[in-house]
Amino acid sequence: YQTSETLSNADFNQNDIAVYYNISNDHLVLDGIKDLNTIQHLKIYNIIGQAIQSFDSVTTQEVSMSALTSGIYIAEIIETSGVKTTLKFVKQ
């Protein structure tokens, strides 16, 4: 009988970035980003994968979504380090 270790990676860091839609002011709120200068691109896709909006610079934690209709969207945040975070949100 032989035991083995489970697969793991001590260098794995879970990204604590979250997004949510604020219905009161029609903005997407980026939560958990300590330095907005690390965001290289913010891209918004519809549920079938079509690019809807793209932002090359993000200067505030709230981004206007007034051009979008109600539905399910995907926010892709690309940092200058190359880290890509993809999160789903619902606009009502």
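Is Lys84 buried or exposed, and at what relative accessibility? Keep in mind that this is a predicted model. Lys84 counts as exposed because its relative accessibility is 53%, and the cut-off for that label is over 50%.

Now look at what Lys84 is paired with. Its side chain meets that of Glu76 in a salt bridge, 3.8 Å from N to O. Glu76 is buried, since its relative accessible area is 11% and buried means under 20%.

The structure holds 2 salt bridges. In the other pair, the side chains of Lys91 and Asp26 meet at 3.3 Å, N to O. That pair links distant parts of the chain: Lys91 sits in strand β7 (residues 84-91), Asp26 in the loop between β1 and β2, and they are 65 residues apart. Both Lys91 and Asp26 are buried.

Next, head for the nonpolar side chains. The largest nonpolar core has 18 residues, and Leu28, Leu30, Ile44, Met65, Ile77 and Phe89 have the most contacts inside it. Two or more core residues come from each of β1 (18-22), β2 (27-31), β3 and β6 (71-79). Take Leu30 as a way in: leaving aside neighbours within four places in sequence, its contacts include Ala18, Val19, Ile39, Val58 and Ile77.

Some nonpolar residues are out on the surface, though. Ile47, Ile48, Ile72 and Val90 form a nonpolar patch there, with about 390 Å² of accessible area together. Ile48 lies in the loop between β3 (39-46) and β4 (51-55), and it counts as exposed because its relative accessible area is 65%.

Conventions:
Residues are numbered from 1 along each chain as its sequence is written. This is a predicted model: local features need pLDDT of at least 70, side-chain atom pairs count only at pLDDT 80 or more; totals for chains, interfaces and linings use all residues. Side-chain values use heavy atoms; hydrogens and water are left out. Patches are made of residues with over 30% relative accessible area and no salt bridge: like charges are joined within 9 Å, nonpolar side chains (Val, Leu, Ile, Met, Phe, Trp, Tyr) within 5 Å. Accessible areas come from the Shrake-Rupley method with a 1.4 Å probe; for residues, only the protein chains shown count as cover. A salt bridge is a side-chain nitrogen of Lys or Arg within 4 Å of a carboxyl oxygen of Asp or Glu. Helices (H or I, at least four residues) and strands (E, at least two) are DSSP runs, numbered from the N terminus. Buried means under 20% relative accessible area, exposed over 50%, partly exposed in between (1.4 Å probe, protein chains only). A nonpolar core is a set of buried Ala, Val, Leu, Ile, Met, Phe, Trp, Tyr and Cys residues joined through side-chain atoms within 4.5 Å. Contact means heavy atoms within 4.5 Å.
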